[in-house]
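Hi,

Here is the structure I promised to pass on.

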Amino acid sequence: NHVIHDSRLRRLVEHVKAAMKGDAQYSQMFLRIAAATPVDDHLTEKMSNAAETQLFEIVNTQRLQTFIFLTLGTLIAMTVSVLQPIGFSILGAILQISNLSHFKSWPVVWARSG
């Protein structure tokens with residue numbers, strides 16, 4: 001799971017870094033032309049590194065929030081006595097529906113099921 005998400009994250013980071021470098025270079029060129037400010041050679045690298053760090057932090061924050069939400073949801077589902085019978089009855093109904101003989105043949109003959 002981490003291999004898939006980390007490779008996607010790496011591609012996203014490279015895309016954001018490239019976009020940030022382009023924006024920084026364009027901004028420096030504009031400032032050079034409009035205000036005659038000197039060009040900082042390290043600014044593009046600093047901005048792309050900052051964008052990479054920010055992107056990793058956003059992803060890690062979302063992963064942490066998802067983990068906390070799932071943990072709290074599981075604890076609530078396990079401790080609230082009303083939710084367990086409701087959950088088991090819904091799962092039982094889904095299992096019974098999926099085990100019907102009409103769904104095991106293809107195509108489904110809907111006239112026989114009614």
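Glu52 is buried, with a relative accessible area of 18%; buried here means under 20%, exposed over 50% and partly exposed in between, with a 1.4 Å probe and protein chains only. Before you read on, this is a predicted model, where local features need pLDDT of at least 70, side-chain atom pairs count only at pLDDT 80 or more, and totals for chains, interfaces and linings use all residues. Residues are numbered from 1 along each chain as its sequence is written, and side-chain values use heavy atoms, with hydrogens and water left out.

Back to Glu52, then. Leaving aside neighbours within four places in sequence, Glu52 is in contact (heavy atoms within 4.5 Å) with Arg10, Val13 and Lys17. Glu52 also makes a salt bridge with Lys17, with the closest N and O atoms 3.4 Å apart. The rule for that is a side-chain nitrogen of Lys or Arg within 4 Å of a carboxyl oxygen of Asp or Glu, and by this rule the count comes to one. Glu52 sits in helix α2 and Lys17 in helix α1 (residues 2–35), so the pair ties together parts 35 residues apart in sequence. Lys17 is buried too, at a relative accessible area of 15%.

On to the helix that holds Glu52: α2 covers residues 43–79. How far apart are the end C-alpha atoms of α2? They are 53 Å apart, which agrees with the 54 Å that its 37 residues should span at 1.5 Å a residue (the expected span is 1.5 Å times one less than the number of residues). The buried residues in α2 are Thr44, Ser48, Ala51, Glu52, Leu55 and Phe56. An α-helix has 3.6 residues a turn, so residues three or four places apart point the same way.

As for the whole protein, there are four helices and zero strands; these are DSSP runs numbered from the N terminus, with helices being H or I of at least four residues and strands E of at least two. Buried residues make up 11% of the 114 residues. Of the contacts with a separation of 6 or more, 50% are between residues 24 or more positions apart.

Last, confidence. The pLDDT (the predictor's confidence in each residue, from 0 to 100) averages 79, and 86% of the residues score at least 70. Helix α3 (residues 83–98) has the highest mean, 87, while helix α4 (residues 110–113) has the lowest, 63.

Cheers
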